[in-house]
Amino acid sequence: MEKTVNQKAWFLVLPVLVLVAFSAVIPLMTVVNYSVQDTFGNNQFFWAGLEWFKEMLRDDRMWDALGRQLMFSGIILLIQIPLGVFIALNMPKSGFWVSFCLVVMSLPLLIPWNVVGTIWQIFGRVDIGLLGHTLAAIGVDYNYTSDPFAAWVTIIVMDVWHWTSLVALLAYAGLKSIPDAYYQAAKIDQASRWAVFRYIELPKMMGVLMIAILLRFMDSFMIYTEPFVVTGGGPGSTTTMLSIDLVKMALGQFDLGPAAAFSIMYFLTILLISWVFYTVMTNLEKREG
Amino acid sequence: MARAVTTNRKIITTAVAWTIALILFFPIFWTILTSFKTEAQAINDPPLFFNFDWTLENYAVVQERSDYMKFLWNSIIIAGGSTILGILIAIPAAWSMAFVPSVRTKDILLWMLSTKMLPAVGVLYPISLIFVEFNLLDTRLGLIVVLMLINLPIIVWMLYTYFREIPGEILEAARMDGATLRDEILYVLTPMAVPGIASTLLLNFILAWNEAFWTLNLTAANAAPLTAFIASYSSPEGLFFAKLSAASTMAIAPILILGWFSQKQLVRGLTFGAVK
């Protein structure tokens with residue numbers, strides 16, 4: 001009996017596995033293929049071995065971009081995850097205000113990503129934007145086109161504005177799945193608010209939080225559209241993230257070989273960091289029970 | 001005393017909630033407001049709030065230049081098609097991962113997510129070649145398939161997480177009563193998982209709706225959704241802020257309206273979920 005159930009179960013996973021494998025392996029194969037070859041055009045390719053990888057690793061520009069990228073994702077996670085959980089905890093659990101909160105919360109998520117950049121570009125301009133204008137009026141020296149610090153603040157505020165809701169929504173859905181009995185038991189035990197959070201809510205949210213962290217990490221690590229629209233990677237190259245560099249290489253200069261090598265190293269970096277996050281979180285979840 | 005503290009807390013929470021709501025809404029509000037100004041008023045110094053001549057001119061110009069309904073329809077078909085297709089494929093898989101776990105389940109989940117980690121720019125070229133090969137360039141079908149494949153790992157993962165919260169005993173009880181696998185998924189699991197499925201559906205619809213890399217690079221005139229509609233206003237004439245705002249507002253409006261209704265659906269799902 002057990003056995004038949006198991007076999008049927010695998011049969012059900014199979015379509016997804018085949019689809020994902022298909023969508024993963026074919027592009028990856030092509031990229032690997034480009035990364036080890038050189039071309040002078042006319043579709044003639046030459047074996048280049050690991051030359052592109054060596055060149056990329058020697059390139060200071062890439063290391064700088066990687067540093068900026070790590071800092072960006074780090075700041076994003078440190079702000080968005082606690083803030084999202086905090087918002088979810090403070091959201092009403094029933095009544096009219098629930099739908100009001102959810103609608104307002106999901107507003108930024110509903111905006112197409114190229115519009116998000118445009119909105120903040122206009123909003124933050126010192127001459128015509130309300131934000132830039134107000135800041136200038138109260139005496140803050142703010143100009144994201146010339147001051148690197150202001151540019152960083154702008155893209156971080158923009159990303160926090162855009163994506164914190166996703167974390168909050170996921171956390172909220174996780175909270176809603178906690179049976180009332182748990183809270184009643186905690187009440188009987190006279191557990192403090194902190195204890196309820198630490199021993200009931202947080203462990204129950206672990207699963208969705210893992211999704212939130214991984215999604216936010218991956219998306220912020222591959223962010224392209226929004227900073228490109230707002231700052232174009234500047235001033236100088238102070239907000240040039242890895243993906244902006246990659247686009248310059250692949251589409252601007254048509255250096256398919258180096259761009260492919262870059263993609264693979266980019267991919268491996270994300271994979272490594274995600275794996276670390278995942279392992280740590282899974283262990284935590286196991287320990288919490 | 002305790003009562004006073006609670007009231008204070010309530011006031012603070014409400015104030016914070018309103019501030020957050022205002023901050024979230026304001027940039028959008030500003031864009032909508034700008035869309036009703038003339039180009040000269042849009043770049044007025046100081047910025048104008050309500051004291052300007054409201055005009056619908058920008059909307060008229062935008063509509064005249066590009067057929068809005070066609071872009072809207074493409075967006076609906078592409079986002080809806082890819083989400084529904086993805087959910088249908090993912091439900092059985094998430095079911096078996098959640099209720100018949102094996103040692104490999106966790107690894108498979110991470111591996112599926114890892115397929116999303118290859119930078120899109122890096123694979124644009126190969127994907128374009130495949131699209132040309134199969135005549136999928138600038139078709140809705142092509143985009144439905146691509147966006148479905150992109151979001152499938154997230155859909156599976158989210159459903160798996162929600163399904164796992166459902167007590168397995170209920171499924172065992174159903175099995176005792178002679179339910180087949182199909183009955184189990186259709187009549188026991190799905191109704192119980194409605195809150196989870198609803199929020200998965202909503203989130204992925206939004207993700208597909210807003211995706212602005214593949215939709216811009218794999219379409220031209222026929223299958224272009226609303227993201228392309230806006231892009232056509234933002235790149236060549238970046239200085240026409242009022243028209244850009246009008247185009248943005250037109251692109252946001254349908255999903256905001258739909259969001260309002262599906263949110264109610266979602267709230268109902270979240271509140272009356274059988275998970276309790």
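Colleague: Which residues form one aromatic cluster with F217(A)?

Modeller: Keep in mind that this is a predicted model. The cluster brings F217(A) together with F221(A), F262(A), Y266(A) and F277(A). Over all chains, the structure holds 17 aromatic pairs.

Colleague: How do I read one of those pairs, say F217(A) and F277(A)? What are the distance between the ring centres and the angle between the planes?

Modeller: Look at two things, the centres and the planes. Planes over 60 degrees apart count as edge-to-face. Here the ring centres are 5.6 Å apart and the planes sit at 65 degrees, so this pair is edge-to-face. Next, check where the partners sit in the chain. F217(A) belongs to helix α9 (residues 193-221) of chain A and F277(A) to helix α12 (residues 256-288) of chain A, so the pair ties together parts 60 residues apart in sequence.

Colleague: Is F217(A) buried or exposed?

Modeller: Under 20% relative accessible area means buried. F217(A) comes in at 3%, so it counts as buried. F277(A), with a relative accessible area of 26%, is partly exposed.

Colleague: And in chain B, what kind of aromatic pair do F71(B) and F229(B) form?

Modeller: That pair is tilted, at 5.2 Å centre to centre with 50 degrees between the planes. F71(B) is in helix α4 (residues 68-99) of chain B, while F229(B) is in helix α12 (residues 226-234) of chain B, so parts 158 residues apart in sequence are tied together. F71(B) is buried at a relative accessible area of 17%, and F229(B) is buried at 0%.

Colleague: Which residues does F229(B) touch, leaving out those up to four places away in sequence?

Modeller: With those left out, F229(B) touches V62(B), S66(B), Y68(B), F71(B), A247(B) and M250(B).

Colleague: How should I think about a nonpolar core? How many residues does the largest one have?

Modeller: The general idea first: in soluble globular proteins, nonpolar side chains tend to be buried together. In this model, the largest nonpolar core has 187 residues, and L170(A), W95(B), F163(B) and F229(B) have the most contacts inside it. Helix α7 (residues 148-176) of chain A gives the most to this core, with 18 residues. From chain B, the core draws at least three residues from each of domain 1 (2-57) and domain 2 (67-232).

Colleague: How far apart are the C-alpha centres of those two domains of chain B?

Modeller: The C-alpha centres of domain 1 and domain 2 of chain B lie 35 Å apart.

Colleague: Where does UniProt place the feature "transmembrane region" in chain A?

Modeller: The unreviewed UniProt entry places it at residues 12-36, 70-89, 96-123, 149-175, 196-218 and 259-280 of chain A. To read such a record, compare it with the model. Residues 12-36 of chain A are 96% helix and 0% strand, with end C-alpha atoms 38 Å apart. Residues 196-218 of chain A are 100% helix and 0% strand, and their end C-alpha atoms are 31 Å apart.

Colleague: How many helices and strands are there in chain A?

Modeller: Chain A has 12 helices and 2 strands. Of its 289 residues, 55% count as buried.

Terms used. Residues are numbered from 1 along each chain as its sequence is written. Chains are lettered from A and ligands numbered from 1 in the order in which they are written. This is a predicted model: local features need pLDDT of at least 70, side-chain atom pairs count only at pLDDT 80 or more; totals for chains, interfaces and linings use all residues. Side-chain values use heavy atoms; hydrogens and water are left out. Helices (H or I, at least four residues) and strands (E, at least two) are DSSP runs, numbered from the N terminus. Buried means under 20% relative accessible area, exposed over 50%, partly exposed in between (1.4 Å probe, protein chains only). Domain bounds come from an automatic or database domain assignment. A nonpolar core is a set of buried Ala, Val, Leu, Ile, Met, Phe, Trp, Tyr and Cys residues joined through side-chain atoms within 4.5 Å. Contact means heavy atoms within 4.5 Å. UniProt positions are given in the numbering used here, feature names are shortened, and annotations may be inferred rather than shown by experiment. Rings of Phe, Tyr and Trp (its six-membered ring) pair if their centres lie within 6.5 Å; planes under 30 degrees apart count as stacked, over 60 as edge-to-face and the rest as tilted.
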